[in-house]
Each structure stands twice: as structure tokens, then as C-alpha cells.
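Work through the exercises below with the sequence and the 3D structure at hand. Each task is followed by a worked solution.

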Amino acid sequence: MIETERLLIRKFKPSDAEDLFEYLSLPEIYRFEPGEPVTMQEASDLATERSDADNFLAVVLKSSAKLIGHLYFEQRQPPEFRTWEIGYIFNPAFQRLGYASEASAALVDYAFNNLHPHRIMARCDQTNPASWKLLEKIGFTREGAFKQFAYFRTDEAGNPFWIDAFEYSKLEQGI
Ligand SMILES: CC(C)(COP(=O)(O)OP(=O)(O)OC[C@H]1O[C@@H](n2cnc3c(N)ncnc32)[C@H](O)[C@@H]1OP(=O)(O)O)[C@@H](O)C(=O)NCCC(=O)NCCS
């Protein structure tokens, strides 16, 4: 459990299903992400699955205990590189209020203080300013720009819609 001024960051619970459905059912959430809108049953399965997992963390408002988004945080291979990747998706009704950067900054601080990472990195679509501005706001540095780095969707003939990506990172302090 990580606490900030307005938020708690904790493991998922099966009872988060309804709040999770509220935003994972919206097409706009997937503009820069793989996946597609989920049903209530799928949201319920995901909330249960994630309550047993370490790589997804629920972000809830302290004032109402409502789940407003989640963070992804996972160690990359090989383990001796001590590199972790961060990601985030927030409910549009709670975006642009600083919650995503408040939660991400707190998780990054927690990780540097407790997990001994060398590098925490993130990748985002170059046309997703919400993501790269968040990263710059919490002290990440743009280290790379990649052309046609990945694709999440194809046209009807199966041709990829390639995306250009930025990679950002924050290194352990003093380096
Ligand atoms: C990325 C995301 C989590 C950011 O959430 P948020 O609630 O807007 O984040 P914050 O309020 O902490 O804002 C972070 C910064 O981005 C800026 N920002 C947010 N949305 C923006 C937009 N659409 N255009 C330009 N800047 C934007 C904010 O102004 C803020 O910068 P500032 O404080 O210097 O002004 C949210 O947009 C989201 O969930 N998007 C859908 C999923 C997604 O794309 N995830 C990232 C995949 S890499």
C-alpha cells in the first residue's frame, strides 16, 4: 500500500470490477493501447485475476475509495539489469487532474526506495502527449525515438497501423 496526498495505491480486489468496467469499457482508452472494450464479465474476471498478480496496481481516491485507474509495473529480463517498466490507464472522468502523475511518481519513489532498480522505463506513442508529458513531469528523460516501433491494429487487409514510439527512463539516483 502506497499513500499520497489524495490517493492509495494498492493491490486489486475482486470488488473493483465495477469501477474497472467504467473505464475499460470505453473505446477511447485503447487509442494508444492494445485491446478493446471489455464486458462487465470480462472486467470482473480481470479484477479477480489482477488481485492475485503483482504487475497491476489499483489507484483509488482516499476520499471515496473509488478505483480511478491503474498502474502497470513489471521487472524486465534479464533480472540483473534491474530494469522495470511502468504503464498507466486512468478513467477519463478522472484524467487531467494530476492523479496519474501523482500515482506514478509515488510508485517510482517507492520502487527506488524498496526494489533497488537501476532503471525504470516507459514507452509511449509519440502522438500521446498525455503519456510523455506525465513522464517528463515525474522526472523521466526522453532517451529514444523509434519509427514504426509496434502496432496494435491492422486495416481490413491485415496491414499494420505502425506507431512511432518514445522511450523514457529514470535511473537510480546519483547516476
Ligand atoms: C496517460 C494518462 C494516464 C494521463 O492521465 P492524466 O490524468 O491526464 O495525467 P495527469 O493529470 O497527471 O497529467 C499529466 C500531464 O499530461 C498533460 N496532459 C494530459 N492529457 C493531455 C492531452 N490530452 N494533451 C496534452 N497534454 C495532456 C497534463 O496537462 C499534465 O501535464 P502538466 O501538469 O505539465 O500540464 C491518461 O491520458 C490515460 O489513461 N490515457 C489512456 C491510456 C493510455 O494512453 N495510457 C498510456 C499508454 S503509453
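**Exercise 1.** Which side chains does a polar contact of 2.9 Å join?

Solution. The model is predicted, so some limits apply: local features need pLDDT of at least 70, side-chain atom pairs count only at pLDDT 80 or more, and totals for chains, interfaces and linings use all residues. Residues are numbered from 1 along each chain as its sequence is written, and side-chain values use heavy atoms, with hydrogens and water left out.

Step 1. The contact joins the side chains of arginine 10 and aspartate 16. A polar contact is a pair of N or O atoms within 3.5 Å; within protein, one must be able to donate a hydrogen and the other to accept it, and residues adjacent in sequence count only if both atoms are side-chain atoms.

**Exercise 2.** State why arginine 10 counts as buried.

Solution. Arginine 10 counts as buried because its relative accessibility is 12%. Buried means under 20% relative accessible area (1.4 Å probe, protein chains only).

**Exercise 3.** Find the N or O atoms of the protein that lie by the ligand's own polar atoms.

Solution.
Step 1. Start at tyrosine 88: one of its backbone N or O atoms is 2.9 Å from a nitrogen atom of the ligand.
Step 2. Go on to serine 101, where a side-chain N or O atom lies 2.5 Å from an oxygen atom of the ligand.
Step 3. End at glutamine 95, with a side-chain N or O atom 3.3 Å from an oxygen atom of the ligand.

Technical notes:
Buried < 20%, exposed > 50% of the residue type's maximum accessible area, 1.4 Å probe, protein only.
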